[in-house]
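Hi there,

Here is the model I promised to pass on, with my notes below it. Please have a look at it alongside the text.

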Amino acid sequence: MSYDKRVEPLILLGLTLVALIASGIGPYDRATWYLEVAPVVIGGGVLIATYRRFPLTPLLYRLIFLHALVLILGGHYTYARVPVGFWAQDLLDLARNHYDRFAHFVQGFVPAVLAREVLLRRTPLRPGGWLFFLVVCVCLAFSATYELGEWLAAVVGGSAADEFLGTQGDVWDTQWDMFMALLGALTAQLALSRVHDRALARVG
C-alpha cells in the first residue's frame, strides 16, 4: 500500500474531528446534536478498529467523509434549520427546508457503496442483478432501522424529540425519508458501479 493511500484516511479522520468539534460549539439544540452526530462517532470507531484488517477503498473513505459532514452540519443546526436548506427553499420556492431530504438521499447513497464493497469482498456475489437488489435491500433496512430509532426517541422524549425528528409538520415524513434513501441507493449503484469496480480491483 502506497504512502498516499495510507495517509489519506488519516487526513479525512482529522478533518472529520475538526468539523465535529466545530459543530459542537453552540449547537441549536445540544440533545439533538448528540443524537445526530452519534452515527459519526460510532462509525468512526468501527472504521478505526477495522482499518488494518479490512481497509476500504479510497472512494468509499471519501464518501463516508462527505456523509459525516452532512450529519455533522445537520447536528449543529438541526436538519430543519440548516442555512443551505433555506437558501434552496427560497431559490426553488419550496414549501419547506429540504436539507433532511438530501441527508436521507445521502443515507442511501453512501451505505449502498459500503454494502456493495463488503458483499463483493466477503461473499461469492459478483456484480449483477442479485448484488444490485441486495444492496438496495440493505439500504432500505438501514433506513427503516433509523426511522425506528426516531420513533423510539419520540416515544421516550416526547415533544423534546421534535428537533431530532425534524418532520416540519409533514405526516408522510418517514415515508419520504425512506424513499429518498431508496433513490440514493439506486443512484449510487447506477452512477458509481464501474468506478467502484476499478477501485476494488486496485485493492486486490
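Let me begin with Glu-117, which is buried, with a relative accessible area of 0%. (Buried means under 20% relative accessible area, exposed over 50%, and partly exposed in between, with a 1.4 Å probe and protein chains only.) The side chain of Glu-117 meets that of Arg-121 in a salt bridge, at 3.1 Å from N to O. By salt bridge I mean a side-chain nitrogen of Lys or Arg within 4 Å of a carboxyl oxygen of Asp or Glu. Arg-121 is partly exposed, with a relative accessible area of 25%. Helices here are DSSP runs of H or I with at least four residues, strands are E runs of at least two, and both are numbered from the N terminus.

Before going further, a word on the source: this is a predicted model, in which local features need pLDDT of at least 70 and side-chain atom pairs count only at pLDDT 80 or more, while totals for chains, interfaces and linings use all residues. Residues are numbered from 1 along each chain as its sequence is written, and side-chain values use heavy atoms, with hydrogens and water left out.

How many salt bridges does the structure hold? There are eight. One of them joins the side chains of Glu-8 and Arg-62, at 2.5 Å from N to O. This pair links distant parts of the chain, with Glu-8 in helix 1 (residues 3-23) and Arg-62 in helix 3, 54 residues apart. Glu-8 is partly exposed at 21% relative accessible area, and Arg-62 is partly exposed at 42%.

Asp-100 and Arg-101 also form a salt bridge, with their closest N and O atoms 3.8 Å apart, and both residues are buried.

Now to the surface. Leu-73, Tyr-77, Val-84, Trp-87, Leu-91 and Leu-92 form a nonpolar patch with about 600 Å² of accessible area together. Helix 3 (58-77) and helix 4 (83-92) are the elements that give two or more residues to this patch, and the largest share, four residues, comes from helix 4. (Patches are made of residues with over 30% relative accessible area and no salt bridge; like charges are joined within 9 Å, and nonpolar side chains (Val, Leu, Ile, Met, Phe, Trp, Tyr) within 5 Å. Areas come from the Shrake-Rupley method with a 1.4 Å probe, and for residues only the protein chains shown count as cover.) Leu-92, in helix 4, is exposed, with a relative accessible area of 55%.

Best wishes
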